[in-house]
There are 2 protein chains.
Amino acid sequence: MPNLRTLPAAIALLVLATTSRLGAQTGEHEAVRAYVDAHQHAIVTELVDLLRIPNAASDRANIRRNAESLRGLMERRGIRTRLLETGGPPLVYGELEVPGATRTVLIYAHYDGQPVDTTRWVGHRPFEPVLRAGPLDAAPEILPFPPPGGRYDPDWRVFARSASDDKAPIVAVLAALDALRAAGLQPRARLKFLFEGDEEAGSPNLERMLRANRELLRADVAVIADGPRHPSGRPTIAFGARGIVSVHLTVYGALRPLHSGHYGNWAPNPAERLAELLASMQDGSGRVAIEGWYDDVAPVGDEEREALDALGALPDNEAERRRLGIAEPEGAGRSRWEMVMLPSLNVKGVRSGWVGAEARTIVPDVAVADLDFRLVADVRPERQVERLTAHLRAQGYHVVHEEPDAATRLAHPRLVRLAARTGYPAVRTPMGHPAARAVLDAVRRAARDDVVAIPTMGGSVPGYVFPELLGATFVNLPIVNPDNNQHSPNENLRLGDFFDGIVLLAAAMRVDFDRVRSATEPPEGRTR
Amino acid sequence: MPNLRTLPAAIALLVLATTSRLGAQTGEHEAVRAYVDAHQHAIVTELVDLLRIPNAASDRANIRRNAESLRGLMERRGIRTRLLETGGPPLVYGELEVPGATRTVLIYAHYDGQPVDTTRWVGHRPFEPVLRAGPLDAAPEILPFPPPGGRYDPDWRVFARSASDDKAPIVAVLAALDALRAAGLQPRARLKFLFEGDEEAGSPNLERMLRANRELLRADVAVIADGPRHPSGRPTIAFGARGIVSVHLTVYGALRPLHSGHYGNWAPNPAERLAELLASMQDGSGRVAIEGWYDDVAPVGDEEREALDALGALPDNEAERRRLGIAEPEGAGRSRWEMVMLPSLNVKGVRSGWVGAEARTIVPDVAVADLDFRLVADVRPERQVERLTAHLRAQGYHVVHEEPDAATRLAHPRLVRLAARTGYPAVRTPMGHPAARAVLDAVRRAARDDVVAIPTMGGSVPGYVFPELLGATFVNLPIVNPDNNQHSPNENLRLGDFFDGIVLLAAAMRVDFDRVRSATEPPEGRTR
C-alpha cells in the first residue's frame, strides 16, 4: 500500500492511450450478455446447488464439501486447483494460464457464510434456496424454479444463506469465464482464484497463509468480489476499504452494586464516569476529540475529490437519510462517503446496571462499552489504540489491561480496563493508479448504467493483505443488490444484479492494462 | 411535615424537664430485658410460626393468612383490631387504650416480604425458618431450635424470608408489650398499630387508605419499625427518609441499527448522545449540575450538624469505604451521611447496542438510561422532574413522553423520551422537635450502647404520609442487624439485635413527652 500512495498526485491523472478497440469491446460485452441471457437456467442451477451446502465456517464437514464442490466447478473449466490447508476451512486456490499474458489478476471471494438463526427465516430453511418475485415484504409467495430453458425476471430473487454473500460472485466469476469462451475470447491476464472459507469468522488464517504462499499468489491486481453495490443499485467499484480496531472498556465503581439511596452520589458511579469518558471522546458533531486522531490521514487526491463530489451529489443520499429516519446527520454537512475517508470512533454498545422493567435502585459496580475504530489509509491500528490510551490517562484514569483485583480497585479513584483487538489496517488504492484505472475503465465500458466509483468503502475487509503481502493493487467489484439482507435472516440475491455482475466480472477479466497510461509519461509510449 | 420544619431553629434546643425518674427508668429497662431473657423460646417461636406463612404481596391467600394470624396475636393481647380492606392485602390495624394517656403513638411495620428465588437459598426453603450460629458464610451448619426453656446465643440467626424485613419488628412490638405488662408497667401513650401488607410492592394503597382513615389513624408520633441498624450494629434512630423519583430516558438515532463502517460518525449515535446528556447532568464529583437542583434544600440545623459530625467521625466509615473497594468517594470529603442530606441523581442503568461477546459493529438505534432521584425535605418530586426537563431542553433536545413515530424522529435532530414515575416526597423531622427528641431520649435511656442518631436515612420509604396525612411526627426505629440480607436470598435475623430491639421498642412505648420541653421555655430546667 504505501508504495502506491507515495506516487505523485499528478500520476493520478490518466489518459486513455487509444480508443481504437472501443467498437470491438462493445460487441464483446454484448456477446457476454447474450450468453448469460441464454444460459440463465444453468447458471442459476449451479448457484442453487452450491447454496444447498451449509457453509458456517465452524461446520467442518460441510465447509469441506463446499471447498470440494468449488474445486470441481473450477477443474471442469480447466482451472488448475489446489486446496491450501489452513488447519480450518481450506483456501481454494485456482490458476488459469493465458498464453501471452504478462499480468496477473487475482480474484478473491469467500465461500463461508454467517451463522444462521433458522427460526427467523420465513417460509424455508436457509440452505433450502427458494425463488420469489421480489423482496420478502413485497413478494412473500414462493415461486417454483423455472424448468430448463425457462426465463428469470431480473427482479426475481433467490433466498438462501450466502446467496449474495458471497457465493453469487463465485458462480458469477465462473460463468463469466464460460461466457468469454463462448464468445471466442480469452481473459487478457493470467487469472488466479482465491476462495476463502472463514472470512465471516474474521479471516483468522488469511494473513498467515498469504505470507506462506507469497510466490504462488503474487498478482498485479486483486479484484475482491464481495459486498453490495451502491444503494442506488448501479454498477459499483471501490478502491479501498477501511481497517478496524475493536475496543472493550470497563470502568469500575465499588466492588458490588450499592443501594442508590444510601450510596448514590457518594459511591462513584461507573455508568456516570463512563458517560463522561465517552462524551470526552467526541465533540457532539461526529468529530473525534482524541488528540492526534486525524494526524496520519493522507490528504484527499484530485480523483478522490471528484468522486466524492459525484457521490455527494447523488439524489439517493437524501432519500437514504429520510428512509433511515435521520433528522440531521453528523459530519457538518459532509456526505457519508466523505466521512468514511476519515478514521472513526463508534460506540457499538454500552451496559451498566439494569434498565426498564428490570431496573434496580442501585449504584452499578461496573460499566462497559464496546467501541470500534475504523481506519483509513496510513492510520495504523496500534497508533489509534495508543492515542485512546493517552486520552484515558489525560482524563485521570489508571489504565489496566486485565481484570483488576480488589487492591487495584482500592488504589485508583479512576480505573479503566482497556481490551483492544487491533484488527487490521485499511487498504486504499489511489483512484489515479494505472492498474485500478484500467479496471474501472473496463467495467465502465461493459456497464449499461453509470458506474459509481467509490474511493473507499466504509466497511472493513482485510484487503490490506493484497498490496502489503502480494504487491497487488486492490479493487473491490461488488455485484449484488444492496438490499440483500447480508448477515441477516432472509438473505437474498436479485437475479438482475447477478446476471449483470457476470458481465462486469467478465470485463474485469478482460482488463486491458495497456489502454491507460499516466499523463506524466511521454505521450508516445504505452504505459501502465 | 411543613408545620414541623417551620418551627424556629431555637425551639430545636430542648431541655429535659426533670431527671427525677431516671433511677426508676433504668430499673424498668432492666425488668424488660429480664423478661425477654426469660422468654426467648416463646418469643422466637412466635416469630418462627409467623415466618412459616409465605408473604409475597401477590400471594392473596397467604397474605390473608398472615393478616389473620397477626390479628390473632394482637387480640390475644387485648388490642382491638380491624382489617382495613384495600382491595389487595389488608392493613391490619390495632388500638390499645391507655387510661389517662393524652398522646398517641402509632407503630408502623409491614408483614409482606420481597419475592423469593428459592433456588438461591442455601440449605432450606425461604418459608422454612432455620437456625444457624452466625452468618451463612461463617456458620453454614443448620442448628436445631432449642427446646422450651433453652437459650439462644445473641450471635445466632434465624434464616427465613422476612425474618428481618419486616416480621421481626412486629413480633418485637408485641413482645415489648408483654414485657412491660410483666414488669407491671403500661405504655405512656395510647398505641395504634398499623401493619401493611404490600409495602414491598411499593405501597400502592397506603396514601389512599390513610386519607380515607385519617381520624381513625391520627397520632402524635409515628414510629416506623423497619430497616436495619447503622452498619456498626449500634441502636439506631433516624429522623427522616428520602423521597424518590424514577426516570427512564430514551435517546433516538436512526430507525434501525446501522453498519458502523458505512454509517459511523455520520449517523447520529444515541449511545454517544446519551453519554453527553448523562455527563452534562453532574460535575464528576457527585454534584448534580442541573440548574436549581439544590434550590429548595432547607439548611442543616444545629442538631443535624452535630449528628452529622458524630456520624462522620465514626471509624466505621473508613472501614466501610475499604470493604466496598472505593478508592475515593465523591462528595468532596463529605461522609455519606452528609451526602444523603442532599437530593441525588443516580444512573441506575444504561443500555445501548450490544457489548462483549455479543458486540456487533453497529451504530445503535436507541440508547436508554434509568435514573433515580432521591429527594430531601422541601424538594418536591414534580419540581425535580421539571428541572430535568428544562435541562434536557437546554441541551437542545426535543422532549417527548410517548414513543415517537418515524415523522417525529425525522423532525428532531435531538430527541429524548422522558418517562417519569414521580414517586413520593421525603420525610424529615427536625432533630430538635420535642416529640422526636422525647423518643430519642427514651431509646437512649434503654440502650446499652451509644445510640446512632441519623438526620435522614438515604433510602426511601413513603414516610411522608404520616406527617402530611396524619399530622404525626415521623421517627424510624430500626432494630435488625445491618447484614440481614434484606431483599435477597438467605435473609436472616441476628437474635441479639432482635432481643435488644424489644427493649428499645418497649422504651418507645414508654416515651415520656413531658420529660423534654423546648429551650424557649424558662431555663431553670436541667439541660442536656
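Predicted model: local features only at pLDDT ≥ 70, side-chain atom pairs only at ≥ 80, totals over all residues.
Helix α17 of chain B, residues 495-509, packs against several other helices, among them α15, α3 and α5 of chain B. Helix α15(B) spans residues 434-446. The axes of α15(B) and α17(B) come within 8 Å and cross at roughly 140 degrees. An angle of this kind makes α15(B) oblique to α17(B). The crossing is right-handed. On the α15(B) side, the contact is made by B:Ala442, B:Val443 and B:Ala446. On the α17(B) side, B:Val503, B:Leu504 and B:Ala507 take part. The contact of α15(B) with α17(B) has 6 nonpolar residues, no polar residues and no charged residues.

Helix α3 of chain B, residues 40-51, meets α17(B) at another angle: roughly 105 degrees. Here the axes come within 12 Å. The angle lies between 65 and 115 degrees, so α3(B) is roughly perpendicular to α17(B). Helix α3(B) contributes B:Gln40, B:Ile43, B:Val44 and B:Leu47. Helix α17(B) contributes B:Leu495, B:Phe498, B:Phe499 and B:Ile502. By class, the contact of α3(B) with α17(B) has 7 nonpolar residues, 1 polar residue and no charged residues.

Helix α5 of chain B also packs on α17(B). Their axes come within 8 Å and cross at roughly 60 degrees. The crossing of α5(B) and α17(B) is right-handed. From α5(B), the residues in contact are B:Ala168, B:Pro169, B:Val171, B:Ala172, B:Val173, B:Ala175, B:Ala176, B:Leu177 and B:Leu180. They meet B:Phe498, B:Ile502, B:Leu505, B:Ala506 and B:Met509 of α17(B). This contact divides into 14 nonpolar residues, no polar residues and no charged residues. B:Phe498 and B:Ile502 of α17(B) also belong to the contact with α3(B).

Helix α5(B) covers residues 163-182 and is mostly covered itself. Of its 20 residues, 18 are buried. Just after α5(B), B:Gly184 takes a positive phi of about 75 degrees.

In chain A, helix α9, residues 270-280, is mostly covered, with 11 of its 11 residues buried. The buried residues include A:Glu272, A:Arg273 and A:Glu276, together with A:Leu274, A:Leu277 and A:Leu278.

In soluble globular proteins, nonpolar side chains tend to be buried together. The largest nonpolar core of this model has 81 residues. Within this core, A:Val105, A:Phe193, A:Phe195, A:Leu495 and A:Phe498 touch the most other members. Leaving aside neighbours within four places in sequence, A:Phe193 is in contact with A:Met74, A:Ile79, A:Val92, A:Tyr93, A:Gly94, A:Glu95, A:Leu96, A:Ile107 and A:Val173. Another core, of 80 residues, lies apart from the largest one. Among its members are B:Leu174, B:Ala225, B:Ile502 and B:Ala506.

B:His230 lies in the loop between β8 (221-224) and β9 (236-238). Its relative accessibility is 2%, so B:His230 counts as buried. Residues that B:His230 touches, beyond four places in sequence, include B:Leu311, B:Asp316, B:Trp337, B:Ile454 and B:Pro482. B:Asp295 sits in the loop between α9 (270-280) and α10 (302-312). At 60% relative accessibility, B:Asp295 counts as exposed. The C-alpha atoms of B:Asp295 and B:Gly240 are separated by 19 Å, at a distance of 55 residues along the chain.

Most residues other than glycine have a negative phi, and most peptide bonds are trans. Several sites in the model depart from this pattern. A cis peptide bond runs from A:Asp165 to A:Asp166, with omega near 20 degrees. A:Asp166 is found in the loop between β6 (157-159) and α5 (167-182) of chain A. In chain B, the bond joining B:Asp165 and B:Asp166 is also cis, with omega about 25 degrees. B:Asp166 lies in helix α5 of chain B.

A:Asp378 has a positive phi, near 80 degrees. This residue lies in the loop between β14 and α13 of chain A. With a relative accessible area of 36%, A:Asp378 is partly exposed. B:Asn265 also has a positive phi, near 70 degrees. B:Asn265 lies in the loop between α8 (260-263) and α9 of chain B. B:Asn265 is buried, with a relative accessible area of 6%.

Notes:
Residues numbered from 1 in each chain as written. Chains lettered and ligands numbered in written order. Heavy atoms only, no water. Axes fitted to C-alpha atoms, helices over the stretch in contact; angles between N-to-C directions. Helix = DSSP H or I, 4+ residues; strand = E, 2+ residues; numbered from the N terminus. Parallel < 35°, antiparallel > 145°, perpendicular 65-115°, else oblique. Left-handed = near helix turned anticlockwise from the far one by under 90°. Contact = heavy atoms within 4.5 Å. Nonpolar A, V, L, I, M, F, W, Y, C, P; charged D, E, K, R; others polar. Buried < 20%, exposed > 50% of the residue type's maximum accessible area, 1.4 Å probe, protein only. Core = buried A, V, L, I, M, F, W, Y, C linked by side-chain atoms within 4.5 Å.
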